[in-house]
Amino acid sequence: MVRENEIRRNEVAVTPPAPTDAGLVYIGRIETPWTSKLLAPRQGRPDGPICRIEIFEPWTPALDGIERFERLEVLYWLHLSRRDLVRQSPANDGSTHGTFALRSPVRPNPIGTSIATLVAREGSTLLVRGLDCLDGTPLIDLKPDRSLFKPIAPEQPGDLETQA
Ligand code: SAM
């Protein structure tokens with residue numbers, strides 16, 4: 001069951017330290033059809049709607065070569081999440097699980113990840129399927145899906161295993 005911002009039966013909140021967001025830079029913005037947490041899918045699907053990832057300047061050159069990858073790992077900042085729950089009840093039935101045993105958006109550092117299918121690139125915008133975030137969610141990183149990625153030039157024995 002998706003939450004707005006309520007505390008559910010048996011859930012445990014703590015007083016977290018003031019967030020500093022570790023100096024993250026938002027490198028883009030994600031446009032999706034979903035304007036409410038209650039309507040967004042729990043996880044993206046390869047057959048989900050096309051969403052747009054707009055990359056801000058000066059980061060556009062960082063997209064060079066991205067078309068070679070059919071799938072991308074998309075990392076985003078779930079900016080409307082509460083960040084103070086250590087035990088959560090996803091089913092809202094009184095049973096709880098530790099936050100780090102869940103993929104809930106409610107976490108101390110609300111990083112979301114999805115494997116998205118790259119449909120097209122239009123300049124500084126990528127069209128993808130497979131996301132589950134709200135319209136306007138900040139983008140924090142893009143990487144080729146690790147199962148498609150091969151290091152370009154391994155420098156040391158073992159790099160092939162460790163850089164994947
Ligand atoms: N796929 C990501 C992951 O596993 O890391 C996120 C999964 S999380 C369960 C997806 C849910 O987060 C959505 O259904 C929606 O309720 C909520 N959500 C999406 N975008 C959000 C945002 N920008 N801020 C807060 N919550 C968001």
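Tutor: Two residues are in contact, or touch, when heavy atoms of theirs lie within 4.5 Å. This is a predicted model, in which local features need pLDDT of at least 70 and side-chain atom pairs count only at pLDDT 80 or more, while totals for chains, interfaces and linings use all residues. Residues are numbered from 1 along each chain as its sequence is written, and side-chain values use heavy atoms, with hydrogens and water left out.

Student: Which residues does Ile-7 touch, not counting residues up to four places away in sequence?

Tutor: Ile-7 is found in the segment before β1 (12–13); strands are DSSP runs of E with at least two residues, helices are runs of H or I with at least four, and both are numbered from the N terminus. The C-alpha atoms of Ile-7 and Gln-88 are 8.5 Å apart in space, although these residues are 81 apart in sequence. With residues up to four places away left out, the residues that Ile-7 touches are Ala-13, Arg-82 and Leu-85.

Student: In what order do the elements of the protein run from the N terminus on?

Tutor: The protein has one helix and nine strands. Read from the N terminus, the order is β-β-β-β-β-β-β-β-β-α.

Student: What share of the contacts with a separation of 6 or more is between residues 24 or more positions apart?

Tutor: The question concerns contacts in the protein whose separation is 6 or more. Among these, residues 24 or more positions apart account for 77%.

Student: Is the aromatic pair stacked, edge-to-face or tilted?

Tutor: A search of the whole structure finds one aromatic pair. The rings of Phe-69 and Phe-149 have centres 6.5 Å apart and planes at 40°. Rings of Phe, Tyr and Trp (its six-membered ring) pair if their centres lie within 6.5 Å; planes under 30 degrees apart count as stacked, over 60 as edge-to-face and the rest as tilted. The angle of 40° therefore makes the pair tilted.

Student: How many residues apart in sequence are the parts that the pair of Phe-69 and Phe-149 ties together?

Tutor: Phe-69 lies in the loop between β3 (51–55) and β4 (71–77). Phe-149 lies in the loop between β9 (137–144) and α1 (159–162). The pair therefore ties together parts whose separation in sequence is 80 residues.

Student: Is Phe-149 buried, partly exposed or exposed?

Tutor: Buried means under 20% relative accessible area, exposed over 50%, and partly exposed in between (1.4 Å probe, protein chains only). Phe-69 is buried, at 10%. Phe-149 has a relative accessible area of 28%, so this residue is partly exposed.

Student: How far away from the sulfur of Cys-51 is the nearest cysteine sulfur?

Tutor: The structure holds zero disulfides, a disulfide being a pair of cysteine sulfur atoms within 2.5 Å. For Cys-51, the nearest cysteine sulfur is that of Cys-133, at a distance of 6.7 Å.

Student: What is the relative accessible area of Cys-133?

Tutor: Cys-51 is buried, with a relative accessible area of 0%. Cys-133 is buried as well, and its relative accessible area is 1%.

Student: What percentage of the area that the ligand exposes when taken alone does the protein bury?

Tutor: The ligand is surrounded by 20 residues, each with a heavy atom within 4 Å of it. A polar side-chain atom of Arg-103 lies 2.6 Å from an oxygen atom of the ligand, and a backbone N or O atom of Leu-134 lies 3.0 Å from a nitrogen atom of the ligand. Accessible areas come from the Shrake-Rupley method with a 1.4 Å probe, and for residues only the protein chains shown count as cover. Taken alone the ligand exposes 600 Å², of which the protein buries 97%.

Student: With the side chain of which residue does the side chain of Ser-104 make a polar contact?

Tutor: Ser-104 lies in the loop between β6 (97–98) and β7 (111–122) and counts as buried at 13% relative accessibility. A polar contact is a pair of N or O atoms within 3.5 Å; within protein, one must be able to donate a hydrogen and the other to accept it, and residues adjacent in sequence count only if both atoms are side-chain atoms. At 2.8 Å, the side chain of Ser-104 makes such a contact with that of Gln-88.

Student: What is the phi of Asn-10?

Tutor: Asn-10 lies in the segment before β1 and is partly exposed at 47% relative accessibility. Although Asn-10 is not a glycine, its phi is positive, at about 75°.
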